[in-house]
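This report describes the pockets of one protein model and the residues that line them. Please look at the sequence and the structure below before reading on.

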Amino acid sequence: IKPAAIADYELVIRALQGALAKDTDVSRQAAAKGWRVFKAAIPDAKGNALYVHVLLPAVPGFDYRPSLLVDMLVKDLAPEMLTKYQDAFAGPPSKLDLSELANMTVAPVAPAEAVKPEIKKPEIKKPRR
């Protein structure tokens with residue numbers, strides 16, 4: 001997010017947060033339950049603020065675009081704020097499709113491909129003489 005637009009971006013995200021907190025739609029409630037937004041303490045190399053939206057668990061098929069949800073749910077936001085929000089981006093948002101490698105609160109489990117079932121060789125009987 002461009003340094004000059006941080007306040008605009010955060011205003012829209014907080015307005016969306018407030019709207020989702022009051023929303024009664026089951027799918028939006030489920031999406032909001034696992035949605036967290038983090039702000040990096042240090043800007044990127046170009047001075048832009050970095051925000052990470054973490055969706056754990058993500059609701060399959062749910063459209064998480066804040067601009068879409070704000071337009072749908074936040075009726076008291078000044079119309080120009082949505083434009084300011086969209087103009088705040090220094091570059092297009094990036095989507096990271098992550099899978100969990102380790103949960104540090106539980107003992108590790110070997111990856112499925114590393115676990116090989118024990119194969120017993122058939123016993124071959126030699127003929128008696």
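Which element gives the most to the lining of the largest pocket? In this predicted model, that element is β2, which contributes five residues to the lining.

**The largest pocket**

The largest pocket has a volume of about 1,400 Å³, and its lining is made up of 33 residues, with Val 52, His 53, Ser 94, Lys 95 and Leu 96 lying nearest the centre. Besides β2, which spans residues 51-55, the helices α3 (66-73) and α4 (79-87) each supply at least two residues of this lining. Sorted by residue class, the lining of the largest pocket comprises 21 nonpolar, seven polar and five charged residues.

**The second largest pocket**

About 380 Å³ of space lies in the second largest pocket, where 15 residues form the lining and Ile 13, Gln 17, Trp 35, Arg 36 and Val 37 are those nearest the centre. Two or more residues of this lining come from each of α1 (6-22), β1 (35-39) and β2. Here it is α1 that gives the most, with seven residues. By class, the lining of the second largest pocket holds nine nonpolar, two polar and four charged residues.

| Pocket | Volume | Element giving the most to the lining |
|---|---|---|
| Largest pocket | about 1,400 Å³ | β2, five residues |
| Second largest pocket | about 380 Å³ | α1, seven residues |

How values were computed
Residues are numbered from 1 along each chain as its sequence is written. This is a predicted model: local features need pLDDT of at least 70, side-chain atom pairs count only at pLDDT 80 or more; totals for chains, interfaces and linings use all residues. Side-chain values use heavy atoms; hydrogens and water are left out. On a 1 Å grid over the protein atoms alone, a cavity is a set of points where a 1.4 Å probe fits but cannot get out, and a pocket is an open set with protein on both sides within 12 Å along at least five of seven lines; lining residues have an atom within 4 Å of a point. Grid points are joined across faces, edges and corners, and a volume is the space filled by probe spheres set on the points. Helices (H or I, at least four residues) and strands (E, at least two) are DSSP runs, numbered from the N terminus. Ala, Val, Leu, Ile, Met, Phe, Trp, Tyr, Cys and Pro count as nonpolar, Asp, Glu, Lys and Arg as charged, and the others, Gly among them, as polar.
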